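Me: I would like to learn how to read the sheets in a model, and then how its chains relate. Could you take me through one?

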2 protein chains.
Amino acid sequence: MKKQGILTVISGFSGAGKGTVVRRLMEKYPEDYCLSVSATTRAPRENEIPGVHYLYVTKEEFEQMIEEHQLLEYAQYVDNYYGTPKKFVVEHLNKGIHVILEIEMQGALKIKKRYPEALLIFLTPPDAKTLEERLRNRGTEDEATIVKRLKRAGEEAVYMNDYDYIVLNEEGRIDECVDQLHRIICDQQYRVENSSEFIQGMADGLKVFIS
Amino acid sequence: MKKQGILTVISGFSGAGKGTVVRRLMEKYPEDYCLSVSATTRAPRENEIPGVHYLYVTKEEFEQMIEEHQLLEYAQYVDNYYGTPKKFVVEHLNKGIHVILEIEMQGALKIKKRYPEALLIFLTPPDAKTLEERLRNRGTEDEATIVKRLKRAGEEAVYMNDYDYIVLNEEGRIDECVDQLHRIICDQQYRVENSSEFIQGMADGLKVFIS
């Protein structure tokens, strides 16, 4: 049976290694996945490539996208818009390619509300202590920022319950984590919600025997 | 994190090769699985081994099991009772062993109603034509019985929607089918419903950062 790709949202605590895991997943199974690129009205930072990190649009263009329902979800932070363009996602899902949305919790839960068939995966270190160590060991942030990130993680922890799967990213076991993700995503295609065409075909094919 | 085993119900059309697939799954991963043995009041048939095919009990014993809530589910066919003893299932799940219940649709849906965390998998040939061929090629049944089985499959088809996963058992690909089952069952342990202890631990560990 020809299968749709799976709309997959991956979130995780800051410091969970989300970016690395998603990149590795793409590299390992390039034909199975693509990464949704968000649109934003904020200016590109140094090193950011248009169309790779973000689609950079004007405020007017973004508001037109909202008006024309061209976004799966969007949010406004400070003075900038961020959103997920729908067209790219739908086109790839129809080709049987899984589309990964690497977005934060609020956006993730919005997606789930509007697209209950979306798969929500939360990536996490094995425990709070490891999360703290990872944030400190990056050595790129000052104490106040680290504490702010940990506070946010603490506030977010309970919302892990709104995800579908919790996947551990353990130290030195990134390949296990990537394979685990891959298995979970591929298995979704066997879920009954994604098998309705097959079930209908089976029912039709057996109709002749029901007098 | 220490995980519970998954209570897994496997059903399938008569002729779907359910028995063979389940046997192969047990042989391939003997430490991960055990098969729940049903209790029944019917007499053992030739070649049936007590404790392997069924637990054979008297009507009085069975009715006592009902009264003492010792059964996960039970049903009465003609003059005989059939049911799933709870104790064996619970003990093995607590040890982290997945317990397989190979039961028909009605029993399966009863289990799901009472234990929503149970995983329901429906095994099916790839199409109606293949199902018919398999039933005919067994050569063990007369035409009337074959048609009766196909009629029942036709009536059951729509209830596939009440299962969690639909897994295809294609000709000559039994190992793929067994591995697919194994992946689906193992991945359940990462579902959020089976991660509540982990989430609580994470929230507790991060509490210190929330002022």
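Me: Before we go on, what should I know about the model itself?

Reply: It is a predicted model, in which local features need pLDDT of at least 70 and side-chain atom pairs count only at pLDDT 80 or more, while totals for chains, interfaces and linings use all residues; side-chain values use heavy atoms, leaving out hydrogens and water. Residues are numbered from 1 along each chain as its sequence is written, with chains lettered from A and ligands numbered from 1 in the order in which they are written.

Me: Is strand 8 of chain B covered or open?

Reply: Mostly covered, with six of its six residues buried. Buried means under 20% relative accessible area, exposed over 50%, and partly exposed in between, using a 1.4 Å probe and protein chains only. Leu119(B), Ile121(B) and Leu123(B) are buried on one side, and Leu120(B), Phe122(B) and Thr124(B) on the other.

Me: What is the strand order of the whole five-stranded sheet in chain B?

Reply: It is an open sheet with parallel pairing, in the order 2-7-1-8-9. Strand 2 (33-35) and strand 9 (165-168) of chain B are the edges, each pairing on one side only. Neighbouring strands are turned by 30° against each other on average, direction ignored. Such angles run from 0 to 180 degrees between N-to-C directions, with axes fitted to C-alpha atoms, for helices over the stretch in contact.

Me: Which strands does helix 1 of chain B touch?

Reply: Helix 1 (residues 18-28) packs on this sheet, touching strand 1, strand 2, strand 7 and strand 8 of chain B, at about 165° to strand 7. Contact means heavy atoms within 4.5 Å. Helix 3 (residues 86-94) of chain B lies across strand 1, strand 2 and strand 7, at about 145° to strand 7.

Me: What is the pairing in the four-stranded sheet of chain A?

Reply: It is mixed, in an open sheet of order 4-3-6-5. Strand 5 and strand 6 of chain A pair in the antiparallel sense over five bridges, and Ala75(A) stands opposite Tyr82(A).

Me: Finally, which rotation superposes chain B on chain A?

Reply: Two copies of a chain are related by a rotation about an axis and a shift along it. Here the rotation is 180° with 0.0 Å of shift, at RMSD 0.0 Å, by least squares on C-alpha atoms of residues with pLDDT of at least 70 in both copies. The two copies are thus related as by a two-fold rotation axis. Of chain B's residues, Arg183(B) comes closest to that axis, its C-alpha at 3.6 Å. The copies meet through the same surface, because 100% of the interface residues of chain B are also interface residues in chain A.

Notes: Pairing = 2+ DSSP bridges. Helix = DSSP H or I, 4+ residues; strand = E, 2+ residues; numbered from the N terminus.
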